[in-house]
Amino acid sequence: MLRTLEERDIRFVRLWFTDVLGTLKSVSVAPAELEAAFEEGIGFDGSAIEGFARVYESDMVAMPDPTTFQVFPFEGGGSGESARMFCDILLPDGSPSWADPRHVLRRMLSRAAEKGFTFYTHPEIEFFLLESLPADGAMPVPVDSGGYFDNTTHAVARDFRRQAVLALERIGISVEFSHHEVAPGQQEIDLRYADALATADNIMTFRHVVKEVALTQSVEASFMPKPFTDQPGSGMHTHLSLFEGERNAFHDASDPMKLSKVARAFIAGLLVHAREYTAVTNQWVNSYKRLFPQALPDRITESPAYVCWGHLNRSALVRVPAYGKPNSARVEVRSPDSACNPYLAFAVLLGAGLKGIEEGYELPPGAEDDVWALSPAERKAMGYEPLPQNLSEAIDVLSGSELVAEVLGEHVFDYFLRNKRQEWEEFRHQVTPYERQRYLGLM
């Protein structure tokens, strides 16, 4: 790594980590300081980072993880290339910080490993390309009027997806698919399967790279779950699987649906605890506008708002895709959005699935119909409980969850709850343009 820095004239190495909410943090070091950083880490004030520490316990250390070293060849310009590494956050005594989202996920992966499982994830990341990000909250303008799988040819961002994919692959992030999504300006790029920690690191890198590539084309990228009232929101449908060595633990050739008992119990765990972890996979006030969108007569709603599973059913919360090879057996969770903290989201999904395996949860019958087409009475009769319908309800359910508290750890769990309650309070006191437009002249 040090030889690469010298050979490629790399002047800056960015050390990355995330706060509890999933915001990327960075400190740059000169290559000459890296050896010391590997020995001692980089000290910083944890009390200044969302959810990390209280003032009287503020000293923390960012310890670079050399396995995540990656050159960013497209960012150097005329001043040499740059590189990045993710960091693990430690306390001054060298022990892991319980506030580090990366540590939260590592802890759950270790628990899975104790049972012989390796956890793999594959995200489908949706986002919007916009002409600008209006600072006054005005409606943004998408860069195109395209729809699902359209081959858009427009002046502003014609080559965006190609450039973004090339940039990602140049830094070692493999892309499976990329295409235009349903809404104007909406894009999707799917990352290849990787172990969950590598995937979470890749998602954080992906967001950074996508925004950087957008800026080079004079447009803006946003991972906001629901920017437009009358258009679909941006999700991060995530495919999950457990492997035992080289064998896919979700596959059973003798089962009619090719699902093993492990897979069925894992899905049942995802369903039983779905309402509890929704505040983590959908952590923003705006997230619930995507899950419960305005009904439009000319558009099928595929938002995964009800707790059920189905085979090939895109209206279900958990979908079992068709697959050919045994190692492709997987389940798809459709509720997470692309603005979540991927470390915490993967941790709670794995925690819920493992709970189902440990307790031997029984999988209920799958949903065969479009769940949104059913009446509320029909959904109730079939046992399809809705997810929390706003952040306030999600926080209330989360606060009573022993499972999520155990997965996140006391520190992250308490901070997350406090932060989200504050966000809801700020939101519910705001007078919106909708209210002024509807009521100002009427009353």
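1. The side chains of Asp65 and Arg102 meet in a salt bridge, 3.3 Å from N to O. A salt bridge here is a side-chain nitrogen of Lys or Arg within 4 Å of a carboxyl oxygen of Asp or Glu. Asp65 sits in the loop between β4 (59-64) and β5 (70-72), and Arg102 in helix α3, so the pair ties together parts 37 residues apart in sequence. Helices (H or I, at least four residues) and strands (E, at least two) are DSSP runs, numbered from the N terminus. Asp65 and Arg102 are both buried. Buried means under 20% relative accessible area, exposed over 50%, and partly exposed in between (1.4 Å probe, protein chains only).

2. A word on the model. It is predicted: local features need pLDDT of at least 70, side-chain atom pairs count only at pLDDT 80 or more, and totals for chains, interfaces and linings use all residues. Residues are numbered from 1 along each chain as its sequence is written, and side-chain values use heavy atoms, with hydrogens and water left out.

3. How many salt bridges does the structure hold? The count is 19. One of them joins Glu425 and Arg428, at 2.9 Å from N to O. These two are three residues apart in helix α13 (residues 410-428), so about one helical turn separates them. Glu425 is partly exposed at 32% relative accessibility, and Arg428 is partly exposed at 48%. Elsewhere, salt bridges that share partners join Asp65, Asp88, Arg102, Arg106 and Asp201 into one network.

4. Look next at Asp100, in the loop between β6 (82-90) and α3 (101-114). Asp100 is buried yet has no salt bridge. The nearest side chain of opposite charge, Arg102, is 6.3 Å away. (Lys and Arg count as positive, Asp and Glu as negative; His and the chain ends are not counted.) Leaving aside neighbours within four places in sequence, Asp100 contacts Cys87, Asp88 and Ile89. Contact means heavy atoms within 4.5 Å.

5. Helix α4 (residues 160-170) has buried Phe160, Arg161, Ala164, Val165, Ala167 and Leu168. They cover an arc of only 160° around the axis, which puts them on the same side of α4. The arc is that of the directions from the helix axis to the C-beta atoms. The buried residues of α4 pack against β7 (118-130), β8 (175-180), β9 (186-191) and α5 (196-216). Just after α4, Gly172 takes a positive phi of about 90°.

6. Finally, the cysteines. A search of the whole structure finds zero disulfides, meaning pairs of cysteine sulfur atoms within 2.5 Å. Cys87 is buried at 1% relative accessibility, and Cys308 is buried at 4%.
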